[in-house]
Amino acid sequence: MDNRRKKKLTFFTIGLIFFLSGVEYAVILPTIWRYLQTLNAAPYFLGLVLSAFSFSGLLSGPLFGHWSDRTGTTKKILLFANLFEIVGNFMYFMEYSKWLLLSSRLVAGIGTGAGSSIFGFLTRITAAEDRATVFAAVMACRQLGLLIGPAFNIFLRLCDFHLGPFVVNKYTAPGLFMCLLWVLLQLAVVFMYWDLPHLERGRVQEGSTSRNREEDSDEAKPLMGSQEAVASNPTGNQSFAASSVMPNHISPPSSPLPSQALESSSPFNNFSISREFLREEVVVLLAAQFITLFNQTALETMVTPLTQKFFGYGELENSVMYSLCGVEVIAGFLFVRWLSCRASDRAVLAVGLTICNIAGVWCLIFLANPLGGFPWQLTEFIIGVFLQVLGLPFVAVAQVSLFSKVTAEKTQGFSQGVRRSVGGLATILGPLWAGGLTENMYIMLGVMAALLALLTGILCL
């Protein structure tokens with residue numbers, strides 16, 4: 001099989017992984033509260049279960065990323081991580097106790113840590129100018145899963161039979177369904193996924209070295225100049241410093257390193273966490289990751305009580321609303337994928353933050369205390385949610401792409417794990433923040449708007 005076909009199948013499998021992660025979220029979330037109620041769980045237990053999934057992913061992300069950087073491979077890591085998804089979802093299906101349900105989400109969350117290895121892998125096999133396009137496509141796959149996932153509940157809610165000692169009903173069926181899907185994915189990884197060589201790097205060397213160096217330096221120069229990179233590298237290791245600015249760093253032709261030597265040398269030689277992450281541009285991008293996910297999950301938590309209070313919406317209306325938001329997000333990712341070929345990542349990030357700030361101010365004015373009658377309140381609500389969702393793809397894609405360019409390529413898996421852990425922390429704190437302040441909307445939305453203003457300020461600086 002030629003490398004081109006291997007690359008297509010590998011990218012398809014990666015898209016499938018992110019698609020299933022979206023399906024899992026969309027299939028389990030609508031029924032998990034009722035499921036907990038059948039197990040006599042207290043209301044606070046819902047927050048624990050949802051946070052457990054993010055918490056274990058927060059811890060496993062850097063570990064899997066570090067593993068991929070050390071070995072230079074991701075296939076074995078994906079196969080290992082998928083085992084946690086399979087076991088975790090089967091535990092969810094068993095319906096034994098609320099503690100087993102909590103443990104099931106904790107175990108399944110470990111499998112999500114493999115995402116850091118995937119982003120590190122994509123960084124190493126794609127050119128810098130193509131990276132935002134690839135990341136946008138991958139993220140759109142997860143949103144597609146979120147959009148299609150609720151449709152599976154149409155037939156899962158009809159399940160009512162026994163499978164040996166286990167009961168298959170509308171609450172346990174999502175766990176069994178996802179367990180089977182992750183088993184099928186395991187087969188897809190075995191037969192359709194390859195640890196590809198650095199094809200893009202070779203292509204850059206052959207034909208377009210000067211052009212890509214100019215583009216990479218243009219993208220990174222305002223964030224961190226090459227002299228600053230060397231100055232921040234007290235060991236004097238210039239190749240490491242250069243790779244912090246240009247992930248597609250090309251070794252000088254006068255002293256090429258053999259591939260065996262590259263494989264045997266540790267990517268963490270001369271690596272310093274403070275030197276890698278406590279730099280202004282990296283801090284800004286990590287802040288963007290945290291604040292946007294914090295606001296997004298807080299909004300998701302806030303919306304359902306808000307629509308029930310002002311519009312009397314039930315499960316059907318909320319499902320339709322989430323589906324429409326999913327369509328908007330997918331369209332946004334596709335647009336950003338097109339835009340990233342024509343504009344710099346910084347410009348895309350700036351556009352996204354501008355939209356998010358407008359949305360924050362709108363929600364603070366009109367959603368904290370909706371004005372007018374029912375038609376006006378509904379219009380204000382729709383505009384606020386539309387603007388919030390619209391800005392998400394711009395910020396999400398731009399900050400991931402920029403982060404891969406201002407951190408070292410050799411340790412990209414670990415770096416992406418740290419980035420995803422910061423996002424995991426946001427997805428834990430966002431629902432807790434919104435859930436505790438549904439009766440104090442000005443405080444809730446005011447803090448969200450203030451965080452966006454702070455992020456915009458440090459981006460400008």
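**Figure 1. Asn40 in the loop between α1 and α2.** In this predicted model, Asn40 sits in the loop that links α1 to α2 (44–71). Most residues other than glycine have a negative phi. Asn40 is not a glycine, and yet its phi is positive, at about 60°. Is Asn40 buried or exposed? With 68% relative accessibility, Asn40 counts as exposed, because the cut-off for that label is over 50%.

**Figure 2. Ala41, a buried residue of the loop.** Stay in the loop between α1 and α2, where Ala41 is also found. Ala41 has a relative accessible area of 12%, so it is buried; the cut-off for that label is under 20%. Which residues does Ala41 contact, once its neighbours within four places in sequence are left aside? They are Leu36 and Lys98. Look at Lys98 here: 57 residues separate it from Ala41 in sequence, while their C-alpha atoms are 6.3 Å apart in space.

**Figure 3. Helices α1 and α7 side by side.** Two packed helices are described by the angle between their axes and the distance between the axes. Here, helix α1 (residues 3–38) meets helix α7 (residues 173–192): their axes come within 10 Å and cross at roughly 175°. That angle is why α1 is called roughly antiparallel to α7, a label for angles over 145 degrees. What classes of residue make up this contact? Between α1 and α7 there are 17 nonpolar, four polar and one charged residues.

**Figure 4. Arg419, a buried arginine in helix α18.** Find Arg419 in helix α18, which covers residues 412–435. The relative accessibility of Arg419 is 3%, so this residue counts as buried. Which residues does Arg419 touch, not counting those up to four places away in sequence? The answer is Phe119, Leu286, Gln289, Gln399, Val400 and Phe403. With one of these, Gln289, the side chain of Arg419 makes a polar contact of 3.2 Å.

Figure 5. The chain contains 19 helices and two strands, and 51% of its 461 residues are buried. Among contacts with a separation of 6 or more, 82% join residues 24 or more positions apart. For the chain, the mean pLDDT is 78, with 82% of residues reaching 70 or more. Over residues 200–264, however, the pLDDT is below 50. This stretch has 83 contacts in the model beyond near neighbours in sequence. How should such a region be read? Where pLDDT is low, the predicted coordinates should not be read in detail.

How values were computed: Residues are numbered from 1 along each chain as its sequence is written. This is a predicted model: local features need pLDDT of at least 70, side-chain atom pairs count only at pLDDT 80 or more; totals for chains, interfaces and linings use all residues. Side-chain values use heavy atoms; hydrogens and water are left out. Axes are lines fitted to C-alpha atoms, for helices over the stretch in contact, and angles run from 0 to 180 degrees between N-to-C directions. Helices (H or I, at least four residues) and strands (E, at least two) are DSSP runs, numbered from the N terminus. Angles under 35 degrees count as roughly parallel, over 145 as roughly antiparallel, 65 to 115 as roughly perpendicular and the rest as oblique. Ala, Val, Leu, Ile, Met, Phe, Trp, Tyr, Cys and Pro count as nonpolar, Asp, Glu, Lys and Arg as charged, and the others, Gly among them, as polar. pLDDT is the predictor's confidence in each residue, from 0 to 100. Contact means heavy atoms within 4.5 Å. Buried means under 20% relative accessible area, exposed over 50%, partly exposed in between (1.4 Å probe, protein chains only). A polar contact is a pair of N or O atoms within 3.5 Å; within protein, one must be able to donate a hydrogen and the other to accept it, and residues adjacent in sequence count only if both atoms are side-chain atoms.
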